[in-house]
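Dear colleague,

Please find the structure below, handed over for your records. My notes on what was found in it follow directly after.

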Amino acid sequence: MFSLQHLNSVAEILQDVSQSLILPRFQNLDDGAVRAKSSIHDLVTDVDEAAERAITPALNKLFPHAVIVGEESTAADPSLLDRIGGAELAFVLDPIDGTKNFASGLPLFGVMVAAIERGEVVGAIIHDPVMNDFACALRGEGAWVEHRDGRRVDLRVAAPVPIKDMNGLVSWAFLPEPERSRATANLPRFAMTSSYRCAAHEYRLIAAGHCDFAVYAKLMPWDHAPGWLLHREAGGYSARFDGSDYLPTHHSGGLICAPDEASWHAIRDALFHDGR
């Protein structure tokens, strides 16, 4: 079974690659190092690709029989996604989450890995290269932050509050219509909503109780499997828009992360209320 020792070994890999490869190129990208993938808002850099090429064989060395599914390798071979659900052990990897921020010189990006055993997320790491710390979770064993000075602080989601007092992170750009127009029209129901263009930092915020909820539409596993476990082990409740459980094999159907089940229903009702 995936253990704390395994989690720490993966964290060492992410730290080594971040310090040796990612940070030296931050705010120091060569001309032509940034390219669009599906749109001008969906970017990849030479550093994303190089970091994934460095992390993947390091994981393979530690876990020779594991399936490694990285964001950039999947862009070249989408069939890799089909291997996650049936693998005894799989890792999903986002070498740089928040690439737009990274390419813009904004220090809001992270490196994310989730360990998946037979289709269930069992371990998660969200590494902040700039602060050189880790948000970690193990299934059934809680969630915590390990700071660079060695301090370990347990994570806990915010206490439930009324909708009018909620501060949320809402990624509405990928919502289909009419949900997109309905949701954006209903954002003033909440005290505050925003987006950091970086799931790594957004999940860390909600797991630590610094904001109340998060809403996502597109569910690629490297973006959400690590943060979903972090939030759940910090005491949160989450489900897809139809109320079904999230799985790392889900790529659509939306996701709402809330402090508890009652808050989840209140958020969904407030966000998608049609106003009639």
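**Findings**

Trp 264 lies in helix H8, which covers residues 261-272; helices here are DSSP runs of H or I with at least four residues, strands are runs of E with at least two, and both are numbered from the N terminus. With a relative accessible area of 1%, Trp 264 is buried, where buried means under 20% relative accessible area, exposed means over 50%, and partly exposed lies in between (1.4 Å probe, protein chains only). Leaving aside neighbours within four places in sequence, Trp 264 is in contact with Tyr 237, Ser 238, Ala 239, Arg 240, Phe 241, Gly 243, Ile 256 and Ala 258; contact means heavy atoms within 4.5 Å. Trp 264 and Ile 206 are 58 residues apart in sequence, and their C-alpha atoms are 13 Å apart in space.

Please note that this is a predicted model, in which local features need pLDDT of at least 70 and side-chain atom pairs count only at pLDDT 80 or more, while totals for chains, interfaces and linings use all residues. Residues are numbered from 1 along each chain as its sequence is written, and side-chain values use heavy atoms, with hydrogens and water left out.

**The chain as a whole**

The protein chain has eight helices and 14 strands. Its radius of gyration, at 18 Å, is close to the 19 Å that the globule rule gives for 276 residues, so the chain is as compact as a globular protein of that length. The radius is taken over C-alpha atoms, and the rule is 2.2 Å times the number of residues to the power 0.38. Along the principal axes, the C-alpha atoms fill a box of roughly 55 × 45 × 40 Å.

Of the 276 residues in the protein chain, 52% are buried. Among contacts with a separation of 6 or more, 63% are between residues 24 or more positions apart. The chain exposes about 12,300 Å², of which carbon and sulfur atoms supply 51%; accessible areas come from the Shrake-Rupley method with a 1.4 Å probe, and for residues only the protein chains shown count as cover.

The chain carries 24 positive and 37 negative charges, whose mean positions are 3 Å apart. Lys and Arg count as positive and Asp and Glu as negative, with His and the chain ends not counted; each charge is placed at NZ of Lys, CZ of Arg, CG of Asp or CD of Glu.

**Nonpolar cores**

A nonpolar core is a set of buried Ala, Val, Leu, Ile, Met, Phe, Trp, Tyr and Cys residues joined through side-chain atoms within 4.5 Å. The largest has 41 residues, and Val 69, Tyr 203 and Leu 230 have the most contacts inside it. Apart from this core lies another of 31 residues, including Val 10, Ala 51, Leu 89 and Phe 102. Beyond four places in sequence, Leu 230 is in contact with residues including Ile 126, Cys 136, Leu 155, Tyr 203 and Arg 204.

**Individual buried residues**

Ile 68 is found in strand E3 (residues 67-70) and counts as buried at 13% relative accessibility. Ile 68 and Leu 80 are twelve residues apart in sequence and 8.5 Å apart in space, C-alpha to C-alpha.

Ser 18 belongs to helix H1 (residues 4-22) and, at 0% relative accessibility, counts as buried. Residues up to four places away aside, Ser 18 touches Leu 23, Pro 24, Val 111, His 127 and Pro 129.

Asn 186 lies in helix H5 (residues 179-186) and is likewise buried, at 8% relative accessibility. Beyond its neighbours within four places in sequence, Asn 186 is in contact with Ala 270, Leu 271, Phe 272 and His 273.

**Backbone geometry**

Most residues other than glycine have a negative phi, and most peptide bonds are trans. The peptide bond from Glu 177 to Pro 178 is cis, with omega near 5°; Pro 178 is found in the loop between strand E10 (167-170) and H5.

Arg 118 has a positive phi, near 50°. This residue is found in the loop between strand E5 (110-117) and strand E6 (120-128), and at 51% relative accessibility Arg 118 counts as exposed. Arg 197 has a positive phi near 55°. Arg 197 lies in the loop between strand E11 (192-194) and helix H6 (199-207), and counts as partly exposed at 44% relative accessibility.

With kind regards
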